[in-house]
Structure formats: structure tokens, C-alpha cells
Amino acid sequence: GFYGSQVQSKPDTIVTISSTTEDIHVDHFATVKFENAKGQSFAWRFDSEMAMSNFFLKTIAPSGFDAGNARVIIWHPIEHLGEE
């Protein structure tokens, strides 16, 4: 997908967000499970294109998931260039 893809696989890391969460830094190709204070969660694989490296979490969150105003920032290491 444009921003990556929702997955059911085991995450590389778990990120808990709250109403005060602003920036979430993730690695390109990482699988991250997002959890919020309401007990909601989803997992996402960040295999997005380089152009999609900074966006609001609510852009990819499932309907009804409270993502607040958290922004996702994907770190694309130089060795990943051209692996899209």
C-alpha cells in the first residue's frame, strides 16, 4: 500500500500512544503494534515508499481507533534506497 500495510504478524516493537503523543519514530520495513489508552490496537508494516515518510497516524489507523494527533515519522536508512 501507499503507507505500508496492516498485518497480523508479530510486531518488532509495541508503541503505546496517549492524547499527548506527538511524534512516533519507526524504522522502514518495521512491523509496529500501536496501542492506545482505550485498549484499541493494530499492527502495521512500514514498507511504504520514501515519499510517505511523515504522516498522521490516523491516516493508517482502522476506523474508530483513537490516534489523537500523533504523527508517524519513518526512518529510511540509505541502504533501503531503491528497495521499494
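Predicted model: local features only at pLDDT ≥ 70, side-chain atom pairs only at ≥ 80, totals over all residues.
**Strands and salt bridges, view by view**

**View 1. The fold from end to end.** Follow the protein chain along its sequence and you read β-β-β-β-β-β-β. Along the principal axes, the C-alpha atoms fill a box of roughly 40 × 25 × 20 Å.

View 2. Buried residues make up 37% of the 84 in the protein chain. Among contacts with a separation of 6 or more, 48% come from residues 24 or more positions apart. The accessible surface is about 5,000 Å², with 49% of it belonging to carbon and sulfur atoms. As for charge, there are 6 positive and 11 negative side chains, and the centres of the two sets sit 9 Å apart.

**View 3. Lys33 and Glu35.** The whole structure holds two salt bridges, and here is one of them: Lys33 with Glu35, closest N and O atoms 3.5 Å apart. Glu35 is partly exposed at 26% relative accessibility, and Lys33 is partly exposed, also at 26%.

**View 4. Lys38 and Asp66.** This salt bridge joins Lys38 to Asp66, with 3.5 Å between the closest N and O atoms. Lys38 lies in the loop between strands E4 (31-36) and E5 (41-45), while Asp66 is in the loop between E6 (54-56) and E7 (71-75), so the pair ties together parts 28 residues apart in sequence. Lys38 counts as exposed, at 60% relative accessibility, whereas Asp66 is partly exposed at 36%.

Conventions. Residues numbered from 1 in each chain as written. Heavy atoms only, no water. Helix = DSSP H or I, 4+ residues; strand = E, 2+ residues; numbered from the N terminus. Buried < 20%, exposed > 50% of the residue type's maximum accessible area, 1.4 Å probe, protein only. Contact = heavy atoms within 4.5 Å. Areas by Shrake-Rupley, 256 points an atom, 1.4 Å probe, with all protein chains shown as cover. Lys, Arg positive; Asp, Glu negative; His and termini not counted. Charge placed at Lys NZ, Arg CZ, Asp CG, Glu CD. Salt bridge = Lys/Arg side-chain N within 4 Å of Asp/Glu carboxyl O.
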